[in-house]
Structures are given as structure tokens and as C-alpha cells.
Amino acid sequence: MQTLGFRRPNQVREAVYRHLKDLLLSGRFAPGERLSEPLLAQELGVSRTPVREALMRLAEEGLVELVPGRGARVRIFSPEEVEEVYGVRALLEGEAAREAALRATPWELADLEARLKAIDEAPPEDYPEQMRRDLEFHRALVRLSGNKTLYRLYEDLLSSLALVRSALPTLSQEETTRKEHQAILEALRRRDPEGAKRAVEAHVYRFRDLVVARLRKGGI
């Protein structure tokens with residue numbers, strides 16, 4: 001197992017939970033990968049109790065599966081669940097892009113462009129970091145809507161979205177992805193709400209189709 005870069009603070013239980021959740025959402029663990037309590041405790045420098053409690057909490061959130069007699073593993077989504085997650089994402093993010101096109105300032109759009117550049121500046125071999133920056137771009141886009149309720153709903157979806165997205169971690173620096181991101185940004189700059197919404201939906205649905213196709217081929 002790779003070094004996890006954990007520093008032990010005073011509030012061990014909460015810190016272990018937060019750290020493992022961050023690792024899951026960044027794609028550091030593959031879908032279906034076994035999460036060994038003893039190994040995680042050893043790597044983090046803690047007892048097995050806070051690790052066990054963290055895994056139970058993550059299971060309640062739908063990020064981890066507890067398999068009787070086999071311990072914990074990273075959750076694998078079914079094709080039907082992926083379609084549901086991406087369908088909701090398209091609704092939320094598409095509406096966010098539509099609203100952002102009407103209200104985002106030039107400075108906010110410049111920040112969004114900087115986030116796109118940051119994706120390409122991530123190390124080519126560090127797919128989890130690319131994915132993290134990719135998700136941060138989309139979170140920033142949703143924030144630009146100015147719609148707090150929409151953003152809260154998107155945040156609730158983010159855990160499932162990140163876990164599904166980790167099935168194909170190599171796509172963030174792909175040329176097609178770059179073009180789709182640029183199309184979203186250009187529509188926002190044109191103040192084209194419907195164009196921004198369509199650009200987001202095209203991007204989201206392409207990723208959905210890729211993940212579903214891989215699942216159905218048994219590649220995860």
C-alpha cells in the first residue's frame with residue numbers, strides 16, 4: 001500500500017474518517033479495492049478502532065461496502081446507479097451553468113479559466129490529482145450560479161460522483177475533455193445561458209456513457 005501522508009492530530013476518530021474520505025473521493029483507491037483495517041491502521045499510525053468506525057461511517061454514506069466475512073471494499077456502482085448519478089448531475093450542473101452565464105463576473109470567469117489550466121498542469125501520471133482538480137473546476141462552476149440551494153444539492157451528490165468518476169481517472173487531460181471544458185467557458189463568456197447548459201450536458205453525458213460502457217464490459 002502506498003504512503004498515505006497522514007498526520008495524527010488530537011481528534012483521531014474524526015481525522016481518520018476525514019482522511020479516508022478524502023482519499024476515496026480523490027480516487028486513491030480503485031472501485032472494488034479491499035480496505036484492510038490492520039493495514040490502514042498501521043499506515044495511519046492509529047489503532048484499529050477509529051479505522052473501523054470510519055469505515056462504518058463511510059459505508060453509511062454509500063462510499064464503502066462492508067462484506068460479511070471479507071471486510072470493507074470501495075463501493076462499485078451498477079450501470080443503472082451511474083446513469084442516475086449522472087442524470088442528476090446533468091440537471092444540477094446544467095442549471096448552474098445557465099444561471100452562471102447570466103451573473104458571473106469577468107473576474108470569476110478568469111478564476112474558472114485558471115482552474116482549467118491547473119488541470120493540465122497536474123503531473124501527467126498523477127490521475128487522482130487531475131481528477132481532484134477537474135472536480136474542483138466543476139464545483140467552482142456550480143458556485144458561480146449564486147444559487148445556494150443548488151450548490152448544497154450538488155455537494156450532496158459529489159461523493160457519489162467522485163467515486164463513479166474514479167472508475168475512469170485518466171480522462172481529465174484528454175483532448176476531448178479539454179475541448180468540452182473550453183466550450184463551457186466560452187458559452188459563459190458569451191453570456192449564453194442555453195449554450196452553457198447544453199455544453200455542460202454534452203460533457204456530463206459523454207462521461208456517463210463512457211463509465212456505463214466500461215461497467216457493462218466488466219472492466220471495473
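Is Ser-172 buried or exposed, and at what relative accessibility? In this predicted model, Ser-172 has a relative accessibility of 1% and therefore counts as buried, the cut-off for that class being under 20%.

The position of Ser-172 in the chain may be considered next. The residue lies in a loop, with α7 (148–165) on one side and α8 (175–189) on the other. Leaving aside residues up to four places away in sequence, Ser-172 is in contact with Ile-119, Gln-130, Met-131, Asp-134, Arg-165 and Thr-177. Two of these neighbours also take part in polar contacts with the serine. The side chain of Arg-165 forms a polar contact with the side chain of Ser-172 at 2.5 Å, and the side chain of Asp-134 forms another with the Ser-172 side chain at 3.1 Å.

Strand β3 (residues 71–74) pairs with β1 (residues 34–35) in an antiparallel arrangement through two bridges. Strand β2 (residues 64–67) is likewise antiparallel to β3, here over four bridges. Ala-72 in β3 illustrates both pairings: Leu-35 has Ala-72 as its bridge partner, while Leu-66 stands opposite Ala-72 as well.

Definitions and conventions: Residues numbered from 1 in each chain as written. Predicted model: local features only at pLDDT ≥ 70, side-chain atom pairs only at ≥ 80, totals over all residues. Heavy atoms only, no water. Buried < 20%, exposed > 50% of the residue type's maximum accessible area, 1.4 Å probe, protein only. Polar contact = N/O pair within 3.5 Å; in protein donor to acceptor, adjacent residues only side chain to side chain. Contact = heavy atoms within 4.5 Å. Pairing = 2+ DSSP bridges.
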